[in-house]
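Here is a short briefing to read alongside the model. Take a look at the structure, then follow the notes below by topic.

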Amino acid sequence: MSLENRAKATAKNVEGKVQETMGDLTGDTKNQSEGQAKQAEAKLRHTAEDVKDEVKKVID
């Protein structure tokens with residue numbers, strides 16, 4: 001497990017949530033969409049780390 005990668009993914013998720021919320025408050029659909037995309041990217045990164053962890057368990 002790469003703690004650094006997980007931290008980056010979590011930061012990306014928070015950044016996306018903030019951007020989406022700002023888009024919601026201002027009615028800016030571009031910010032809403034970009035925020036959602038960042039959250040999806042963070043989820044994908046977390047999933048990749050989960051897969052790496054499982055593979056490492058199998059190998060060990």
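This is a predicted model: local features need pLDDT of at least 70, side-chain atom pairs count only at pLDDT 80 or more; totals for chains, interfaces and linings use all residues.

**Fold and annotation**

- The protein contains 2 helices and 0 strands.
- Helix H1 covers residues 3-26, and helix H2 covers residues 29-59.
- According to UniProt, in an unreviewed entry, residues 5-57 carry the annotation "domain: CsbD-like".

**Overall shape and surface**

- Along the principal axes, the C-alpha atoms of the protein fill a box of roughly 50 × 15 × 10 Å.
- The radius of gyration is 14 Å, whereas a compact globule of 60 residues would have a value near 10 Å.
- Of the 60 residues in the protein, 23% are buried.
- Among contacts with a separation of 6 or more, 53% are accounted for by residues 24 or more positions apart.

**Gln-39, a residue of helix H2**

- Gln-39 sits in helix H2.
- Is Gln-39 buried or exposed? Gln-39 counts as buried because its relative accessible area is 18%, and the cut-off for buried is under 20%.
- Leaving aside residues up to four places away in sequence, Gln-39 touches Asn-13, Gly-16, Lys-17 and Glu-20.

**Val-14, a residue of helix H1**

- Val-14 has its place in helix H1.
- With a relative accessibility of 47%, Val-14 is classed as partly exposed, because that class lies between the 20% and 50% cut-offs.
- Val-14 and Glu-4 are 10 residues apart along the chain, and their C-alpha atoms are separated by 15 Å.

**Leu-44, also placed in helix H2**

- Leu-44 belongs to helix H2.
- Leu-44 counts as exposed because its relative accessibility is 61%, and exposed means over 50%.
- How far apart are the C-alpha atoms of Leu-44 and Ala-9? They are separated by 8.6 Å, while the two residues are 35 residues apart along the chain.

Note on methods
Residues are numbered from 1 along each chain as its sequence is written. Side-chain values use heavy atoms; hydrogens and water are left out. UniProt positions are given in the numbering used here, feature names are shortened, and annotations may be inferred rather than shown by experiment. Helices (H or I, at least four residues) and strands (E, at least two) are DSSP runs, numbered from the N terminus. The radius of gyration is taken over C-alpha atoms; the globule rule is 2.2 Å times the number of residues to the power 0.38. Buried means under 20% relative accessible area, exposed over 50%, partly exposed in between (1.4 Å probe, protein chains only). Contact means heavy atoms within 4.5 Å.
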